[in-house]
Each structure stands twice: as structure tokens, then as C-alpha cells.
Amino acid sequence: MAMASSSLTVLLSFLFLAIAAVEPASGTAQHFLGVNYGRLGDDLPPPHIALELARSAGAAAVRFYDTNATFLAAAASSGLGFVPAVPNELIVSLAASQRAADAWVASTLLPFRRNRRLRYLFVGNEVLSDPTTKSRWSRLVPAITNLRRALRRYGLSRVKVSTTLGMDALVGQNVFPPSAGVFRPDIIDVAVCPLLAFLERTDSYLFFDAYTYFTWSANHTVVPLTYALLEPSPAPGFRYHDPGTGLSYTNLLDHMLDAVVAAMCRAGYCGVRLALAETGWPNAGDLNEFGANVRNAATYNRNVARHLASGAGTPRRPGMRMPALVFALFNENVKGGPGTERHWGLFYPNGSAVYEVDLTGRQPVAPYPPLPPATNDLPYPGKLWCVARTDRHGALANETAVREQVATACADEAGLCDPVRPGGGCHLPDTVAAHASYVFSAHWNRFSKQYGGWCYFAGLAVETTVDPSHGSCKFPSVTPG
């Protein structure tokens, strides 16, 4: 999953009358709701237990981020559908050689040729989100094309080949209004149009990652939480009216999906089918990540399951049915970044449910047990600081690693670390922990708004509400929201 942070220009209007202006989607799609099986944890259960947990939650399929033979074999015998993925780093080599693509399919997927539950192959994950690997962008569709030829050669022509895109594939991640959706100019010709042409020709899907949590949290002052959670709004009801199409929206997921449809239409590929590679809601997060809690996560995923199972589609594509995958099966404690990155799971690593959910979408709300109250739906009302993580005795877990993180942070901006250098106002106490705490707070303060910087620093930092300033040494802070 790619973390989203954007400053969106939002123009919301309210409408209480639905207007029936719709656009049909092509093809006949089959709905299923599965779960993404990420494995960035050091305490996760073995695959046969994990897959049984996925089944117990009503998942119809599991999606992997690689083609680990042990996990694919377990999935193939589980009765669940399974979706393997080509790692991003293999794209260039697979694009350059049909022989390499043939060999890859033969060694990884051929053992499952007779398993009808293998229906999709993802080539890369959010490849177009990473500007540091632009060399892969133009090679994405050639790799996809070579792999499809290889699949056909080995009797796996039923497998639909695609890739996954994040909402950052749209200019500014802007979905307000949905009809304004447009693909970024740096990817449209080099990758998106060739991809859409391939998907149209092969009757495959464009798989998108759509997280209403990020769009809501970036626009929480104007977008109601109920709209993001797919919950009915209190009377008289909230509707978003798209002045470009005259369509009315009752939830943010449909709203975001139709922004992607608008972008495809603007690119000349209005008929390409759309699917969800990732969606979900975090069950916990850092102090500044408001709205990330168990109650909202359970509410969102339960509502998504019912909404997709209903076959209602979106205002622009009514009746649209699609494959979809919730993120994620487990909380993954080794993932980097902000706290939400480690808290998307339906299950804890010990196998207990974070909350109950029926991904078939058939269970009504009433039978579910009560959920804990949400205590952080509003931004934290005070200041936050980012300090070095220490034990109860004030000792660092890894002083060498902390020094490395401090050096990296100091290199990001000249003068950032001057206060902790000899003669600076925060040089004393002259300890690694004290210096790191100042640097982490200063770096977070300087860059949090610029690129969504986090108080993480390889897991060696932690947010605090207690001002660590002392004497004339004043620590920079961050104010959420």
C-alpha cells in the first residue's frame, strides 16, 4: 500500500435529490471480495492458519505481493481464489525478454495450471507512484504483454493480467468533483494509455487502490466521516453533487471510483472495467492520525462488503460488479512509516480478530457484537513532538542506528541540526538520546507538511504530548489537522 497525503482543493455542494444521469460499464463482471495477505510482520502465523482465518472472515480470495512458492501452494489447496504478483524489480527484465517471461511463468505459475481459482496476475504494485524508478514506467505494459503471451503458451489464458495504481495516478489525487478526475501528464502517454489499451483489448480490469480514509482525513473539515465510512448520514442526509455530470453521491468510495472512471474516459478508454486492488481503514495509528480506530475500521469494511455485494455499482456505472480486495489480513509490525501502516489488519498476528466482519456482505449489522467507542475522530487538539524511543530507564535500543537516523535527518536541510552542535542552544545534555529527540522533532516540524513526513525514523522515534523543551532549548512541534 502507498501512503496518501495531499492537499486537495475541495468544492462541495449539497443536493437532496438524486439525478439519473448514468454511464453503462462494459463487460460482465463477477463480484468477489477478498483480502490482501501482506507478510511484513515477524510474528505472523503459518500460511495454512492465515488462510483459514481469511476464510473465516468470508474472504473469497487472497492476494499476495509476490510468488512465494510455499504460500501459493497453501493458497491453491485452501479452496480460496488467489492472486499472485510480479515484484516491481522484475518488470524491466520481463519486458526485455519473452524468454524471461516464459521462464517466469513456467517456474512460478505452471504448477497451478489446472487450478481454476487462479484468475488474476498483478504485474507490479503501484509502479507509477514511485518517481525514483521512472525507468520501469515505460516497461510496465511490455512486461504485462510478454507475461500474457507466456500464460497463453502454458495453457493459462484464463488468467487476467493487470497492475495496480494508487490514487496518486490522478493529478493532485483530486476527486472533487469526480468528473474532474484526470491522469497525471507524466504517466498518461508513457504508461496509462498503453495499459488501458491492453486492458480493453484483453477484457481485463484496471485495479485501483482507493482508501477513503486518506481522502477524508485530508478534507475532514468539509467531508463528513459518515460519507467516508459509507454510513447513512443523519437527517436530512449528506449528498455530494457533481456539477459536471449532475450525479449525486452518498458515499466517498463511489465518489473516488467514479473519479477514476472520469480519468479513463478523458483518456479515451471509457469502457475499461474497474476493480479494487486495495481498500480498507486503519484500526489504530499515531496521535496525529485521527479517525484511525477499531470502530471506524469495522464500520467501513462491513459497509464496503454489503455495498459491493449489493451490486449497486456507482452513480456513473450503476450495476457495476467487480473483484475487490480489502487491506489487510493482519496487522504487520515490521512495516515502516506512520502508525497506521502497521494497523490495517482484520486479525492480530495471534489469530484473534481485531473486529468481526463478514466479507461476503450477507450479515446484517445487528448480530455483530458491540464495538469500542471511537475516541480520536477529531484531530488531536494540542501540540505533538517526536522524540527518540527509549526504555523505562531512558536507554536507546540501538544507539548506532539512532546516530545514523540523526545524520540522515541533518543532511536533509542545512542548519536543521545546528542547535545540537557545540555552542548551540540544545547541545546540552550532550547525549545521543537528547540530540536525537531534538533532531527528530525539528525534522518532523520542517517536513511533515511538505511531503507527509512521519515521526518514525526506522521505528526509533515516538510521538509525545509532553513538551521535551528545557531551559532555553525549545523543541519544534507539530499541530495535527
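Let me start with T67: setting aside neighbours within four places in sequence, T67 is in contact with L72, P84, A85, W104 and T108. Keep in mind that this is a predicted model. T67 sits in the loop between strand 2 (61-63) and helix 2 (69-76). Is T67 buried or exposed? Its relative accessibility is 19%, and buried means under 20%, so T67 counts as buried.

In general, nonpolar side chains of soluble globular proteins tend to be buried together. Here the largest nonpolar core has 127 residues, and those with the most contacts inside it are V62, F183 and L206. Helix 9 (residues 252-266) supplies the largest share of this core, 10 residues. Another core lies apart from it, with 29 residues, among them V420, Y438, F440 and A442.

Now helix 9 itself. It has 15 residues, and 14 of them are buried. From first C-alpha to last, helix 9 reaches 21 Å, close to the 21 Å expected at 1.5 Å a residue. What caps the N-terminal end of helix 9? That is N251, with a side-chain oxygen 3.1 Å from the backbone nitrogen of L253. After helix 9 comes G268, with a positive phi near 95 degrees.

The space in the largest cavity is about 70 Å³. Its lining consists of H31, D254, L257, H307, L308, G311, A312, G313, T314, M320, R321 and M322. Helix 9 and helix 10 (294-310) are the elements that give two or more residues to that lining.

On to helix 11, residues 399-411. Why does its length agree with expectation? The expected span is 1.5 Å times one less than the number of residues, so the 13 residues of helix 11 should span 18 Å, and the end C-alpha atoms are 19 Å apart. At the start of helix 11, a side-chain oxygen of N398 comes within 3.3 Å of the backbone nitrogen of T400. The buried residues of helix 11 are A401, V402, V406, A409 and C410.

Two residues remain. T464 lies in strand 14 (residues 461-464). Its relative accessibility is 17%, so T464 counts as buried. Not counting residues up to four places away in sequence, T464 touches K383, L384, W385 and V387. The T464 side chain also reaches the backbone nitrogen of V466 at 3.1 Å. Between T464 and G453, which are 11 residues apart along the chain, the C-alpha separation is 16 Å.

The other is K449, in helix 12 (residues 432-451). Exposed means over 50% relative accessible area, and K449 has 64%, so it counts as exposed. K449 and V478 are 29 residues apart along the chain, and their C-alpha atoms are separated by 9.3 Å.

Key. Residues are numbered from 1 along each chain as its sequence is written. This is a predicted model: local features need pLDDT of at least 70, side-chain atom pairs count only at pLDDT 80 or more; totals for chains, interfaces and linings use all residues. Side-chain values use heavy atoms; hydrogens and water are left out. Helices (H or I, at least four residues) and strands (E, at least two) are DSSP runs, numbered from the N terminus. Buried means under 20% relative accessible area, exposed over 50%, partly exposed in between (1.4 Å probe, protein chains only). A polar contact is a pair of N or O atoms within 3.5 Å; within protein, one must be able to donate a hydrogen and the other to accept it, and residues adjacent in sequence count only if both atoms are side-chain atoms. A nonpolar core is a set of buried Ala, Val, Leu, Ile, Met, Phe, Trp, Tyr and Cys residues joined through side-chain atoms within 4.5 Å. On a 1 Å grid over the protein atoms alone, a cavity is a set of points where a 1.4 Å probe fits but cannot get out, and a pocket is an open set with protein on both sides within 12 Å along at least five of seven lines; lining residues have an atom within 4 Å of a point. Grid points are joined across faces, edges and corners, and a volume is the space filled by probe spheres set on the points. Contact means heavy atoms within 4.5 Å.
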